Amino acid sequence: ISRTLNEEYDLINPQDGTIWRRIAAQKVFDALVEHGHRNGEPGVLFLDAANRANPLPHLYQLEATNPCGEQWLGPYENCCLGSINLAQHAADGERVDWERLQETIELAVHFLDNVVDANRYGPAVPEIEEAAHRARRIGLGIMGLGDLMFHMNLRYGTPEAEEFAAQIMEFVRYHAMRTSIQRAKERGSFPAIEGSI
């Protein structure tokens with residue numbers, strides 16, 4: 001591993017393929033760690049990996065993201081975001097109210113999808129409204145996971161807590177996707193679906 005870190009590699013301009021210079025991987029890694037620690041950055045983002053997973057490659061290649069990297073977006077795109085407070089879904093006796101959580105997920109997906117239409121986009125940049133309606137992006141997240149784990153008597157960071165978090169997110173993802181599919185059956189798919197992945 002140390003030999004690999006000391007080897008130099010090409011820094012390639014992604015726009016035209018020219019080689020800017022050669023640098024040791026260790027230097028780049030050290031700079032990432034130093035500046036990540038200093039600035040509290042969340043991690044490293046890889047443009048090539050993002051473009052392999054780009055759901056709309058027929059519309060654009062991804063070029064950048066915001067610092068948190070939660071959602072890569074194309075030109076003029078936005079994403080309508082919302083969060084479910086998991087602490088509000090605790091049930092008596094160290095349990096999760098799964099039925100209530102499912103209802104909340106379904107309601108949140110409906111709500112966020114409606115916000116795409118109800119939003120008042122700025123008239124100065126009509127491309128933003130066009131992009132929002134073309135892809136109809138929504139993002140449903142969570143908060144209050146630590147509080148719910150406390151209620152469940154799970155210590156944050158333990159293997160049991162990690163498994164619990166995975167189960168919660170699988171549940172959220174499944175019901176959000178199922179609700180989104182149902183919405184598409186009722187209202188039609190998003191306009192840019194043809195050619196999407």
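R38 is exposed, with a relative accessible area of 54%; exposed means over 50%, buried under 20%, and partly exposed in between (1.4 Å probe, protein chains only). This is a predicted model, in which local features need pLDDT of at least 70 and side-chain atom pairs count only at pLDDT 80 or more, while totals for chains, interfaces and linings use all residues. Residues are numbered from 1 along each chain as its sequence is written, and side-chain values use heavy atoms, leaving out hydrogens and water.

**Exercise 1.** Find out how E34 and R38 meet, and how far apart they are in helix 2.

*Solution.* 
- Step 1: The two side chains form a salt bridge at 2.7 Å, N to O. The term stands for a side-chain nitrogen of Lys or Arg within 4 Å of a carboxyl oxygen of Asp or Glu.
- Step 2: Both residues sit in helix 2 (residues 25-39), and because they are four residues apart, about one helical turn separates them. Helices (H or I, at least four residues) and strands (E, at least two) are DSSP runs, numbered from the N terminus.
- Step 3: E34 is partly exposed, at 43% relative accessibility.

Side chains of opposite charge can pair when their charged atoms come close.

**Exercise 2.** Work out which strands R22 and E8 belong to.

*Solution.* 
- Step 1: The side chains of R22 and E8 meet in a salt bridge of 3.9 Å, N to O.
- Step 2: This pair links distant parts of the chain, with R22 in strand 2 (residues 19-24) and E8 in strand 1 (residues 8-12), 14 residues apart.
- Step 3: R22 is partly exposed at 45%, and E8 is partly exposed at 47%.

**Exercise 3.** Trace the network that includes R187 and D117.

*Solution.* 
- Step 1: R187 and D117 form a salt bridge between their side chains (2.8 Å, N to O).
- Step 2: R187 lies in helix 7 (residues 159-187) and D117 in helix 4, so the pair ties together parts 70 residues apart in sequence.
- Step 3: Salt bridges that share partners join D113, D117, R136, R183 and R187 into one network.

**Exercise 4.** Is D113 buried or exposed?

*Solution.* 
- Step 1: Locate D113 in helix 4 (residues 98-118).
- Step 2: D113 has a relative accessible area of 10%, so it is buried.
- Step 3: Leaving aside residues up to four places away in sequence, D113 touches R136, I138, R183 and R187, where contact means heavy atoms within 4.5 Å.
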